[in-house]
Structures are given as structure tokens and as C-alpha cells.
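Good morning, everyone. Please have a look at the structure on the screen before I start.

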Amino acid sequence: MNEFALIDRYFRRAPRDASVQIGIGDDGAVIRPASGVDIVVSVDMLVEGRHFLRDADPRRLGHKTLAVNLSDMAAMGATPRYALLAGALPAGLFALADRYGVDLIGGDTTKGARNLCVTILGELPHGTALTRRGAKAGDDIYVSGTLGDAALALAVLRQRTTLDADALISAQTRLEAPEPRVSLGDRLRQIASAAIDISDGLTGDLAHVLEASGVGADVDVVSIPRSRAMSEKLASSERDLALHCLLAGGDDYELCFTANPALRDRIVAIGRALNVPVTTIGTITAPRDFVVRDEAGKPLAALPQAFDHFAA
């Protein structure tokens, strides 16, 4: 099968949205966005051996390839609309695209090592984008869902620890098929003061918010939501490994956001309406220190380092 036959067989679909004037099949896509909206654009690449294992399930890999981009849209409070794919994983990607009403409007295919790249475009009302820059002293710090299980699954796959069968299935699903919090991001526009998705680990990603906003943070480990398996690891001889997974493991694709304490009831109500757990884990501070406190309330001597794409 040559490149053009592959595109025709797996990727060419009639656009579902009238805003797509020209989709797959030309040298470029043409879209006509509605008036009064801002376009949000993001791109992410997944590289075999770095972001996914060689024997990764193709359908789950297709899902994750798009999910990491949808998570960026969620962090901005944007509605995802269009995507361009450089790679060849139609099944899982299209299933997730259909769930969120995303049209695949172009991309590229080539032969070689599996480097999978999606460029995604979303939209939101003019001037309402969530950013990393708005956190203020006194704001609450929230995270959605639970943290650390994706990194824990990877530690099992790399034979650094073990989990029982049920816990491993759950953790591996978090690693291979994350659920982007698009609906939550949409509801947080004009409520959250700042937001980011947790892709590289809580300590690293929250630090980006603190730097952009010119503030600090005081976070309690005991408040960070986690699975039963993670709680058991934290209470065991493998605490150091578990703490790293919880704070800096990455691949969570949950949202971390800040908001004025006066909005707590509204945020709790949003979480309940969406059936998405939303948990307060700390407070934004005026001093620019980033403090994470252990179960006894004492600051950790050093914060685990979040994932670094350029580390050895």
C-alpha cells in the first residue's frame, strides 16, 4: 500500500462540520471559524521508547496520541474542533475524536520510526482562555482525578515494583488511555484564575504556573488524591518510589488549576455535575517559595524532579 492509498483507506472522511471548507486531500486544510471566537492551537509529539513502549497496543496508542492534545485544550478551557495527524494510527484516534467532535482535517504519513505528532485546534469565546499567568496569593490549588498511577504502571513495566492484577490493570489504563478533562476545562473558564494540564508531573507543571504568575505555593501531600494502590505504596518500604510517582511521575493528564476561595462551592458543584473528582491540595502564596509538606506538616527537603524530555 502506498502513501496515498493508505490515506484514502484510513484517514479520508467527510468533514462533519460545515466550518471545514477543505479537509484531507489537498495541500492544506481550509477552515472558517465562527465570528467572536479565539482559535487555540497546540502540538504534541509521542516518540517510541520515550513516550510509549515498542509493544504498545495500537488502539490505545491512537487514543493517547489524541488525548494528550485534548488535555491541552482542556487546560485552556477550549472546545477541541480540528486535528492534523503526522503518523498512522486510525482506530483509537478516531474513536476518541468522535467522542469530542474533532474533525481530522490533514496531516502527513511517512515510513520510519514511530514518532506520532498531532496538531490540534480548538476555539473559545474571545478573551476567555485560561492561562498559567493568573494565580494570586490566597487562591486555592486544585487537581482533578487522582495522580501517580500512570507513573506507577510504568514502574511496574520497567520491573521497579509490583502491583496486584486489578491494580495493575487500572494503573495501566491510566498510562495508556488517559481521559482528557475537556468538559471540566470548559466549565472552568472565568472561574479558574490559572490552569495547566499535568503531563510531566505535579511539581514540574505547577511550577510553570507559579513562575508565570510570580507567586509561590504551599501544598500538602496528604491532600493529593491518589488510588488505593498508591496509598499502600506510600505507607510501605517503597515510599520514595511512590512519592516520586505521585508528585513528579507525569502522564496523569489531569488538570491543575487555581481559584479564589469564594468559588469553592461552585467548583465542587461542577465536579459533581461532571462526575470528576476535584480536590483542593494547597494554597497560592505571595512568597515565591514552592513548599510541599509531608504527612507531619514538615516541608520536604527536596522536591522530586518532574519529567525532563532532554534529561539523559
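This is a predicted model: local features need pLDDT of at least 70, side-chain atom pairs count only at pLDDT 80 or more; totals for chains, interfaces and linings use all residues.

The protein has 312 residues, and 49% of them count as buried. Its secondary structure comes to 10 helices and 12 strands. As for contacts with a separation of 6 or more, 81% are between residues 24 or more positions apart.

Now the helix pair. Two packed helices are described by the angle between their axes and the distance between the axes. Here the pair is α4, residues 149–157, and α5, residues 165–176. Their axes come within 7 Å and cross at roughly 110 degrees. Are they roughly parallel or roughly perpendicular? An angle of 65 to 115 degrees counts as roughly perpendicular, so α4 is roughly perpendicular to α5. The crossing of α4 and α5 is left-handed. On the α4 side, the contact is made by Asp149, Ala150, Ala153, Leu154, Val156 and Leu157. On the α5 side, Leu168, Ala171, Gln172, Arg174 and Leu175 take part. Please remember Asp149 from that list.

Next is helix α9, residues 239–248. How many of its 10 residues are buried? The number is seven, and the helix is mostly covered. The buried residues in α9 are Leu241, Ala242, Leu243, Cys245, Leu246, Leu247 and Ala248. What do they pack against? Their partners are α4, α7 (202–213), α8 and β12 (290–293). After α9 comes Gly250, which has a positive phi, near 85 degrees.

Last, the serine. Ser227 is in the loop between β9 (216–220) and α8 (228–234). Is Ser227 buried or exposed? Its relative accessibility is 17%. The cut-off for buried is under 20%, so Ser227 counts as buried, although it lies in a loop. Leaving aside residues up to four places away in sequence, Ser227 touches Thr146 and Asp149. With Asp149 there is also a polar contact, side chain to side chain, at 2.8 Å. Asp149 is the residue I asked you to remember: on α4, it takes part in the contact with α5, and its side chain also meets that of Ser227.

That is the end of my part.

How values were computed
Residues are numbered from 1 along each chain as its sequence is written. Side-chain values use heavy atoms; hydrogens and water are left out. Helices (H or I, at least four residues) and strands (E, at least two) are DSSP runs, numbered from the N terminus. Buried means under 20% relative accessible area, exposed over 50%, partly exposed in between (1.4 Å probe, protein chains only). A polar contact is a pair of N or O atoms within 3.5 Å; within protein, one must be able to donate a hydrogen and the other to accept it, and residues adjacent in sequence count only if both atoms are side-chain atoms. Contact means heavy atoms within 4.5 Å. Axes are lines fitted to C-alpha atoms, for helices over the stretch in contact, and angles run from 0 to 180 degrees between N-to-C directions. Angles under 35 degrees count as roughly parallel, over 145 as roughly antiparallel, 65 to 115 as roughly perpendicular and the rest as oblique. A crossing is left-handed if the near helix is turned anticlockwise from the far one by less than a right angle, and right-handed if clockwise.
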